[in-house]
Amino acid sequence: MNLRSPYYILMIVICVTTVGFGGVTGKISGNIIDSETGQPLIGVNVSITGTSLGAATDFNGHYVILNIPPGEYTLNVSMIGYRGIQLNNVPVHTDFTTIQDFSLSRTILESEGEVIVLGRRPDIQRDRTSTMSVVGFAEIDKMPVTEFQELINLQAGVVNGHFRGGRQGEVSYMMDGISVSDPYNGSMAVEVENSSIQEVKVISGTFSAEYGQAMSGVVNIITKTGAEHFRANANFFSGDYVSRHDPPFYNIREFDPAGIRSGELTLTGPLVFIPKISFFISARKLISDGYLYGRSEFQPSDSSNIDDPNPVNWTIQRSGNGKPQAMNPNEKISLNGKLSLKMFSALNFELQGSYSNSNWKDYNHLFKYNPDGIINQYQDRYQFSTSLTHIISQSTFYTFKFNQLYNNYESYVHTDPFDAAYVSPQLLRRLGFGFYTGGMDMSHFYRNTRVNTFKWNLTSQINRRHELKAGWEYRLNNLWLHQYSLRLDRTTDWLPEIYPEESVNNNQYRHKPREFALWLEDKMEFQRIILSLGLRWDYFDPDGVIPKDLRDPQGTYKENLDPYIKATAKQQWSPRLGMSFPITDQGAIHISYGHFFQIPNFEYLFYNSEFEVQGGGLNTIMGNADLEPMKTTIYQIGLQQMLSRGLVLELTGYYKDIRDLIGTEINELYILGDSYARYVNRDYGNVRGITLSITQSQIGIFSGAMDYTYQVAEGNASDPNAVFYDQQSDPPRATEIQTVPLDWDQTHTLNVSLNLAAVKWSTGIIASLGSGLPYTPEYQNQRTSFENSERKPYNFNVDLNAKYIVQINNTHLVIYIQVKNLFDRLNAVNVFTDTGDPATSLIPTYVPEQPIHSLEDYLTRPDYYTAPRQVIFGLKVNL
């Protein structure tokens with residue numbers, strides 16, 4: 001089967017009629033009866049104001065409206081001879097059913113008006129079969145967050161990007177129902193601003209068959225569509241980090257009101273000269289100096305002679321300007337937009353796209369006094385998609401979508417590898433526990449990913465009880481990577497030169513893996529039970545080769561002219577089951593089970609795909625294009641219970657059995673003493689936990705939420721390279737064969753959010769408490785106990801958001817302040833492994849004082865802490 005053939009793809013598009021992708025719409029259903037007799041009413045019209053969506057009741061008085069984008073709507077219910085009802089503020093969420101029943105009264109006079117009722121969000125989602133959180137744009141606006149990833153990390157079960165104890169890269173990111181994950185490393189391949197988000201659904205438990213290539217979670221972002229009337233919004237803020245903690249932070253006491261600055265503009269509305277077309281567009285620019293600083297004491301070209309045993313004879317060149325210099329700055333530009341065209345009442349077309357350009361640096365402690373020697377990082381990303389939705393009937397519609405995403409990443413000190421500003425690697429020197437006194441990073445890294453995705457979705461409400469979804473997806477990936485180092489010495493006439501292609505210091509590849517998936521799901525809604533049954537099939541062709549002889553990977557030792565074989569295609573079936581039992585009108589129990597598979601991130605398949613091995617021992621890691629899919633089996637049971645109006649308790653227990661994770665194995669060469677590491681499916685783990693949450697919807701001016709997670713995440717290794725690092729240590733240490741706490745095993749996690757909101761003002765806080773993460777105790781680089789047997793200090797953080805609204809005619813001015821890390825607490829992310837403390841170490845007890853910079857200076861690690869207090873002041877203008 002040649003999945004690359006255009007003819008084959010075309011035949012799939014023409015012949016297959018049951019296909020799909022991640023949900024982007026919800027539905028409204030209910031029953032309508034006569035208020036006097038209680039009998040069902042036939043032919044009642046139910047319509048959604050401002051749309052062409054609607055339905056009429058059947059012989060049982062039942063109606064269903066499908067394909068509704070998330071948001072709040074107004075329902076109009078009418079029938080001749082009965083008094084109409086207008087129900088406002090009816091919420092709709094992606095993949096969920098909003099139940100709205102009505103009881104109509106007979107009219108005597110035609111002049112009797114309709115009844116206007118204010119809707120409210122249902123406290124219990126009866127058809128929810130798993131653990132998830134749905135956050136709308138109104139809730140996002142209340143939160144003290146400025147970046148999308150901050151929003152995700154506030155969700156229950158998420159610890160620094162790890163969902164429910166899984167490794168990073170095990171989450172599927174979707175935008176408007178289609179994947180926007182970068183298959184190279186599993187990261188999100190697009191930039192989306194909070195102002196462009198209509199709704200975010202975060203699934204941290206089991207998920208339905210329409211979601212694939214994920215083992216730990218799914219994040220589905222629904223972007224805003226154009227409004228009926230023109231609106232413009234501008235958002236500007238500036239601020240800085242304000243902290244008393246100097247040390248460990250350097251240059252942090254001086255407040256710079258322009259240290260962080262952001263400007264954003266959003267426009268939405270109809271296109272004036274083209275009917276039935278609406279648009280939404282947002283643009284933002286952010287510049288941040290960061291909070292980690294060095295001092296420009298040395299330049300990369302500075303030369304130091306520190307080889308003489310007598311420091312009096314040393315020569316140390318210092319040509320820096322001596323000023324503080326930002327070492328984790330960040331700058332980005334982002335654009336998001338969507339065009340919506342309602343060509344006919346049954347045919348809708350959407351064009352959506354995004355673009356971002358970012359550049360930043362990551363702090364490197366060794367370059368604290370030579371900050372110009374660290375690499376600059378650049379990223380260009382774009383994504384665009386087209387979507388065509390055809391409503392066949394009141395109960396059936398299909399959607400076809402095409403999406404292309406492109407993610408380009410580069411890192412280097414200077415753009416031109418032959419730039420004369422590059423200096424000899426011999427200048428990259430430091431003394432003992434000291435900093436670099438010259439030199440620079442000589443590496444260049446380039447990679448890009450291009451993914452073309454085709455999807456087709458069919459949703460049909462076959463009858464009152466069964467909603468059928470089925471689908472396929474075809475994805476063509478194109479990955480290119482080139483990484484190399486520069487050499488500069490006497491042999492190159494002291495000019496920078498790229499290592500030759502056959503060198504281990506120069507690697508390049510291009511691979512075009514292909515993926516195909518089919519899935520089928522039936523959502524059965526009965527009075528006492530809601531069932532979701534699904535089955536998914538995935539196919540993967542890696543487009544790679546592997547060595548025939550692992551002891552001679554390039555075939556040079558045995559002079560094999562054909563040393564490689566093609567990696568085999570992979571396929572798997574994934575059954576999914578979810579159940580919800582409404583025990584009363586105020587409570588429901590949900591149970592779910594599923595098998596989840598994920599192709600390993602492509603960086604592990606194709607790393608060093610030229611199969612070059614550096615001699616002299618164990619120095620090389622090699623990818624493996626024949627890796628098997630990683631597997632997770634998840635069991636989950638939960639309870640939703642309304643305690644009082646607006647007050648809901650949720651309790652969930654879960655267990656995850658994780659197999660075939662990526663690790664490394666050591667392979668010996670025929671050459672005595674030389675070996676290399678190769679990625680294989682060898683690691684495993686398990687996660688178990690309980691999540692308790694209590695949510696209070698707004699009553700008066702107050703609303704709030706609390707969630708607590710108890711979790712144990714264990715496995716044989718946290719890092720896929722663990723075996724490689726163990727064997728590289730001196731002396732080599734034995735690799736763990738038992739399960740130990742994983743690096744992100746946070747036993748206790750508590751999040752609390754409180755909001756007070758009136759007409760002209762609001763304020764809210766989010767408090768987070770997390771128990772300490774594990775670390776491995778060591779003394780003088782030798783382990784003193786087993787892996788991850790001790791715990792770092794706990795973390796506690798409070799963020800504040802407050803705003804005041806001023807209305808001038810039709811213009812709203814919102815003046816706001818956001819404070820992150822309100823109490824300026826030093827929260828440790830890393831520690832010295834000999835003490836378990838980020839501020840103290842036993843190193844001074846056996847290491848003498850350093851001559852160039854003090855040992856205390858070297859052991860002062862600002863990067864061992866989260867960011868200090870950040871204060872920003874902002875102004876929003878809403879027209």
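**View 1. The surroundings of Phe102.** Leaving aside residues up to four places away in sequence, Phe102 touches Asn31, Ile32, Ile33, Tyr63, Leu75, Val77, Ile85 and Leu87, where contact means heavy atoms within 4.5 Å. This is a predicted model, in which local features need pLDDT of at least 70, side-chain atom pairs count only at pLDDT 80 or more, and totals for chains, interfaces and linings use all residues. Residues are numbered from 1 along each chain as its sequence is written, and side-chain values use heavy atoms, with hydrogens and water left out. Phe102 belongs to strand 8 (residues 102–104); strands (E, at least two residues) and helices (H or I, at least four) are DSSP runs, numbered from the N terminus. Phe102 counts as buried because its relative accessibility is 8% (buried means under 20% relative accessible area, with a 1.4 Å probe and protein chains only).

**View 2. The largest nonpolar core.** Here you meet 31 residues, with Tyr184, Phe602 and Tyr679 among those with the most contacts inside the core. Such a core is a set of buried Ala, Val, Leu, Ile, Met, Phe, Trp, Tyr and Cys residues joined through side-chain atoms within 4.5 Å. Helix 4 (602–606) and strand 38 (618–622) are among the elements that each supply at least two of its residues. Another core, of 27 residues, lies apart from this one and includes Ile260 and Tyr363.

How values were computed
Buried < 20%, exposed > 50% of the residue type's maximum accessible area, 1.4 Å probe, protein only.
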